[in-house]
Amino acid sequence: MTDLERHSYDVVVIGAGGAGLRAAIEAREQGKRTAIICKSLFGKAHTVMAEGGIAASMGNVNSKDSWQVHFRDTMRGGKFLNHWRMAELHAKEAPQRVWELETWGALFDRTPDGRISQRNFGGHEYPRLAHVGDRTGLELIRTLQQKIVSLQQEDEREFGDPEAQLRVFAECTITEILKDDGGVAGAFGYWRESGRFIAFDAPAVILATGGIGKSFKVTSNSWEYTGDGHALALRAGGSLVNMEFIQFHPTGMVWPPSVKGILVTESVRGDGGVLKNAGGQRFMFDYVPDVFRDKYAHDEAEGDRWYTDPDNNRRPPELLPRDEVARAINSEVKAGRGSPHGGVFLDVASRLPAETIRKKLPSMYHQFKELAGVDITAEPMEVGPTCHYVMGGVEVEPDTGAAVGVPGLFAAGEVAGGMHGSNRLGGNSLSDLLVFGRRAGLGASTYVEGLDGARPAVAGADIDRAAAAALAPFNGDGAENPYTVHTELQMTMNDLVGIIRRSEEMQDALEKLDELAVRAAAVTVEGHRQFNPGWHLALDLDNMLLVSRCVARAALLREESRGGHTREDYPLMSSEWRQVNLICRASADDISVARQPLPSMPDELLQLFERDELNKYMTDDELTVLPKGDA
Amino acid sequence: MGYTAKFRVWRGTDEGGALNDYDVDVNEGEVVLDVIHRLQATQAPDLAVRWNCKAGKCGSCSAEINGRPRLLCMTRMNTFDKSETVTVTPLRAFPVIRDLVTNVSFNYQKAREVPSFTPPPGLKPGDYRMQQIDVERSQEFRKCIECFLCQDTCHVIRDHEENKPVFAGPRFFIRVAELDMHPLDTLERKHSAQEEFGLGYCNITKCCTEVCPEGIHITDNAIIPMKERVVDAKYDPAFGLFRVLRARSKSTKTMTEQADRAWALLRAVEDGEVAYAMVEDDVAEAMGQAKAVASTGTVLARLEALDHFEAGRLDEAAAEAQASLNWHRSAQERSDAWVTLARVYDAQERPTATVEAVENARRFWPDNPRLRHFDGDGARP
Ligand SMILES: Cc1cc2nc3c(=O)[nH]c(=O)nc-3n(C[C@H](O)[C@H](O)[C@H](O)COP(=O)(O)OP(=O)(O)OC[C@H]3O[C@@H](n4cnc5c(N)ncnc54)[C@H](O)[C@@H]3O)c2cc1C
Ligand code: SF4
Ligand code: SF4
Ligand code: FES
């Protein structure tokens with residue numbers, strides 16, 4: 001092929017968000033020549049949008065916090081469907097990962113004694129989120145970006161070339177993982193700027209591509225979130241776990257229409273904001289589920305006292321895990337108690353002085369002022385659920401991030417599955433990125449060392465095939481416009497596989513997805529290959545469709561309601577289903593979904609919980625190691 | 001509510017292009033980026049534009065709207081008259097790739113030239129201690145979303161390609177300032193700002209501050225304090241101040257302690273409890289130690305102002321008080337700076353200026369105990 005650019009690396013990282021950058025730093029520090037590839041400019045990945053904070057049990061604000069408590073909260077939040085080992089590693093290693101950021105220049109907000117300040121967030125028992133105002137993701141990504149620059153400066157001093165050991169390929173999209181004899185051999189993609197093709201020879205590839213939200217109409221996610229990594233893993237022979245679990249964040253903007261879905265950070269509630277319906281009632285008190293009944297305040301007075309005296313009061317129900325709050329808002333709106341634009345009211349204006357609001361929530365203040373013409377220090381916001389995060393992802397080995405079934409393939413961050421179970425707690429993603437990004441970088445390096453120099457080879461025919469597939473949209477008959485197909489996909493997922501699910505609707509969705517797949521194959525793009533967004537979308541569409549099919553198929557199968565999966569026809573949680581993971585795989589032209597038993601938690605971790613609590617989730621057989629509770 | 005707007009969008013490549021006219025629908029509440037997306041979906045499927053967050057957080061969607069550097073996603077359509085033609089062009093300071101997308105690699109190169117954060121050797125992860133007040137200055141600069149609008153607007157490089165090799169631009173002045181003011185950074189940086197990053201080319205037009213979507217006070221809080229402190233035999237035409245460079249080993253703890261000690265002594269002098277000569281040496285020593293670790297001179301400006309005043313150096317006192325005010329620090333510090341200014345003006349027998357300064361001092365901090373040196377309307381009691 002004439003216009004093909006080729007590179008050779010030890011480790012290729014796809015994705016430059018928190019997970020990808022942390023993985024690349026680790027691989028480079030392990031002495032591996034490392035490439036980072038991303039669709040946007042360096043420093044613009046989705047992580048930049050994270051607001052509230054990063055969860056780590058440093059115990060700076062409440063010294064009772066510990067990794068055990070964090071582990072417990074994470075499992076509770078995920079309704080015990082989390083991979084226990086991931087939740088354990090995450091809780092244990094998060095503090096080190098946060099402190100490490102400080103050594104690279106991060107400047108978190110401080111406690112009065114000069115340590116990293118931590119804030120309250122839904123589902124976290126103690127103040128646990130390290131933060132910088134409400135722009136924590138920016139701090140995280142900038143710090144990692146600057147750490148990478150500092151490594152490049154070292155390389156420049158040593159090799160005379162800053163990119164000798166670590167190079168960023170920005171605005172470059174990977175469309176295919178290349179393989180040799182079952183294992184990874186490299187990756188194929190195109191430069192967005194020129195449309196030229198590029199191939200990487202590499203024995204190890206780390207997927208850190210983030211989520212899938214762009215398959216839904218109302219979402220807090222950006223155009224990058226087209227599920228590329230999920231699809232790449234499937235096509236390479238990997239498997240996806242927990243795809244039925246999608247987090248709808250309870251508070252997205254609902255007005256004006258063009259910003260519908262944009263996130264309103266949970267810190268608004270963590271710092272004192274409350275939810276009210278059209279009648280001015282704090283309705284969350286009516287929606288505390290039994291499993292959480294004794295952990296949350298029973299009336300407003302107690303909830304309000306908790307902000308200043310958390311030891312003697314229980315937290316307000318506005319801070320329940322996200323799935324609970326999102327469903328409650330949904331019900332209020334359906335019952336006709338919503339706000340004028342179909343949301344509910346989030347009121348911080350009547351709760352905090354204007355100066356404090358501007359100080360603690362500067363970017364929310366800015367966002368509403370600029371985009372909606374609303375002054376949040378004077379009037380309530382209108383908010384409603386928005387598709388925010390996918391719990392499901394590539395099935396990996398917890399310790400190394402190795403993708404199950406594909407030697408040489410690794411995954412970390414939002415694209416990996418298992419860590420968050422059926423529902424992720426706020427702040428647990430940023431820490432997940434760092435903990436498992438590092439582990440994947442280490443895992444990939446160890447894997448490459450284990451090959452003893454035997455490098456896999458990319459077959460020329462595979463490159464030709466990948467190139468032909470990428471060019472296909474230019475050769476259509478003009479029947480379909482990618483933007484139209486995308487819009488219909490978003491409507492389908494939003495309306496039929498959204499926050500509340502029904503069997504018939506999901507069946508309809510699957511039919512519609514089949515139809516859209518046929519139409520997507522007929523998509524034709526105009527113009528040339530140079531920075532052509534129509535072409536880019538046409539290629540992303542295939543990924544979105546494949547991943548959406550996994551979501552819908554798994555959601556149809558799971559006959560219970562849990563975390564980010566709510567079935568109107570199966571409204572309860574089931575202890576039997578808790579023992580099951582749904583695993584998606586792809587064959588040449590279809591996907592399959594299989595049941596797989598959940599790995600069982602070792603006794604010493606089980607013993608961190610009260611038996612009474614576990615009874616709500618688990619069967620008696622699973623709990624034989626624990627003494628029977630007194631109840 | 002909806003209407004049809006006239007848009008004029010630059011289309012082309014590095015080889016040239018032209019403004020194209022479009023009529024396009026606009027709905028209530030939309031921003032310019034929504035309209036560009038509608039153009040893509042309906043009339044110009046290959047129109048190239050960068051964007052990500054659509055919420056002013058990532059700094060991808062920078063372009064020029066009616067000639068002004070702006071974020072497309074944060075420019076609401078209702079800021080234009082319905083009959084107005086909205087012209088969207090790519091950033092002018094950087095080479096065009098296609099349509100609204102420019103090659104901003106210049107900025108990534110410059111980023112690599114700034115020496116990285118360098119903490120004290122041996123300080124272990126988890127042992128970092130910094131006060132909120134000391135990190136806030138750098139935090140302001142870390143709000144930067146790297147939209148590069150400030151770079152685009154700065155006249156030093158906007159139409160002067162030849163200056164690019166020697167001028168890093170406002171984005172990187174705040175980066176240097178951020179590191180310089182980081183309580184635990186150990187590198188000396190002000191020198192390099194002038195020498196390597198071309199701070200001397202900046203003549204403080206403040207255009208960068210005006211376009212910054214994050215509202216960072218690029219000039220007042222980064223450029224001016226750095227220029228102020230740059231000590232060099234070279235003359236900076238915009239800021240003809242020379243200072244003695246002090247060796248530093250930064251630690252905020254000692255800085256705050258020593259500064260507090262010096263302040264307490266000077267306040268005792270001010271209140272007539274002790275003569276200046278009695279404490280002069282102690283004050284000098286405490287201030288010397290504080291300065292040795294201060295990240296910028298302006299941190300101590302309030303203190304220096306009072307010291308100069310008590311020592312009878314009125315002009316110096318006024319200059320330092322002014323520097324302290326430029327700093328937008330806490331209301332109390334500003335109030336203190338105004339009191340010192342008032343005392344200087346009073347000593348210079350400028351009653352109108354004195355009254356005004358007292359008023360300002362009172363506005364920032366009505367209970368400032370130092371105000372008792374003046375009665376209600378600013379005259380001496
Ligand atoms: C508005 C918002 C606020 C949030 N707030 C918080 C919070 O406060 N706390 C928290 O813990 N979590 C938060 N989250 C969630 C969290 O930000 C994300 O889950 C996390 O940032 C994902 O990081 P990542 O490293 O996995 O991927 P990302 O940061 O999304 O990066 C993905 C990278 O992969 C690249 N990529 C994707 N596909 C390809 C391809 N085909 N080829 C090449 N490159 C590709 C992209 O260009 C990008 O660089 C928030 C999310 C949103 C949307
Ligand atoms: S103030 Fe200086 S850096 Fe900013 S735009 Fe003007 S000349 Fe450029
Ligand atoms: S300083 Fe402001 S204008 Fe300049 S790049 Fe940063 S955010 Fe943009
Ligand atoms: S799209 Fe992110 S700043 Fe405009």
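Glu146(B) is found in the loop between helix 3 and helix 4 (149-153) of chain B; helices (H or I, at least four residues) and strands (E, at least two) are DSSP runs, numbered from the N terminus. Phi of Glu146(B) is near 55 degrees, a positive value in a residue other than glycine. The model is predicted: local features need pLDDT of at least 70, side-chain atom pairs count only at pLDDT 80 or more, and totals for chains, interfaces and linings use all residues. Residues are numbered from 1 along each chain as its sequence is written, chains are lettered from A and ligands numbered from 1 in the order in which they are written, and side-chain values use heavy atoms, with hydrogens and water left out.

**Backbone geometry**

- Most residues other than glycine have a negative phi, and most peptide bonds are trans.
- In chain A, the peptide bond between Trp255(A) and Pro256(A) is cis, with omega about -5 degrees.
- Pro256(A) sits in the loop that runs between strand 13 (246-253) and helix 6 (267-270) of chain A.

**Overall form of chain A**

- Chain A contains 18 helices and 20 strands.
- The radius of gyration of chain A is 24 Å, close to the 25 Å that the globule rule gives for 631 residues, so chain A is as compact as a globular protein of that length. This radius is taken over C-alpha atoms, and the globule rule is 2.2 Å times the number of residues to the power 0.38.
- The C-alpha trace of chain A spans about 70 × 55 × 55 Å along its principal axes.

**Sheets in chain A**

- An open sheet of three strands has the order 4-6-5 in chain A, with antiparallel pairing; two strands pair if DSSP finds at least two bridges between them.
- The edges of this sheet are strand 4 (54-55) and strand 5 (118-119) of chain A, each of which pairs on one side only.
- Strand 4 of chain A is joined by two bridges to strand 6 (residues 129-130) of chain A, and the two run antiparallel. Here Ala55(A) stands opposite Leu129(A) of strand 6.
- Another open sheet in chain A is formed by four strands in the order 17-12-19-20, and its pairing is antiparallel.
- Strand 17 (393-394) and strand 20 (591-597) of chain A stand at the edges with a single partner strand each, so one side of each is left without a neighbour in the sheet.
- Strand 19 (residues 580-586) and strand 20 of chain A run antiparallel and are joined by seven bridges. Val580(A) stands opposite Pro597(A) in strand 20.

**Strand pairing in chain B**

- Strand 1 (residues 3-13) and strand 2 (residues 16-26) of chain B run antiparallel, joined by 11 bridges. A hairpin connects these two strands of chain B through two residues.
- Trp10(B) has Leu19(B), in strand 2 of chain B, as its bridge partner.
- Strand 1 of chain B also runs parallel to strand 5 (residues 85-89) of chain B, and four bridges join them. The bridge partner of Lys6(B) in strand 5 is Thr85(B).

**Interface of chain B and chain A**

- The contact, defined by heavy atoms within 4.5 Å, takes 60 residues from chain B and 66 residues from chain A.
- The two chains bury about 5200 Å² between them, 52% of it on carbon and sulfur atoms. Buried area is the accessible area (1.4 Å probe) that two parts lose on being put together, summed over both.
- In chain B, Lys57(B), Arg112(B) and Arg142(B) lose the most area to chain A, together 16% of what that side buries.

**Salt bridges**

- A salt bridge is a side-chain nitrogen of Lys or Arg within 4 Å of a carboxyl oxygen of Asp or Glu. Six of these salt bridges are counted between chain B and chain A.
- Arg142(B) and Glu139(A) meet through their side chains in a salt bridge (2.6 Å, N to O).
- Over all chains the count comes to 90 salt bridges.
- Within chain A, the side chains of Lys147(A) and Glu29(A) form a salt bridge (3.7 Å, N to O). Lys147(A) lies in helix 4 (residues 136-159) and Glu29(A) in helix 1 (residues 18-29) of chain A, so the pair ties together parts that are 118 residues apart in sequence.
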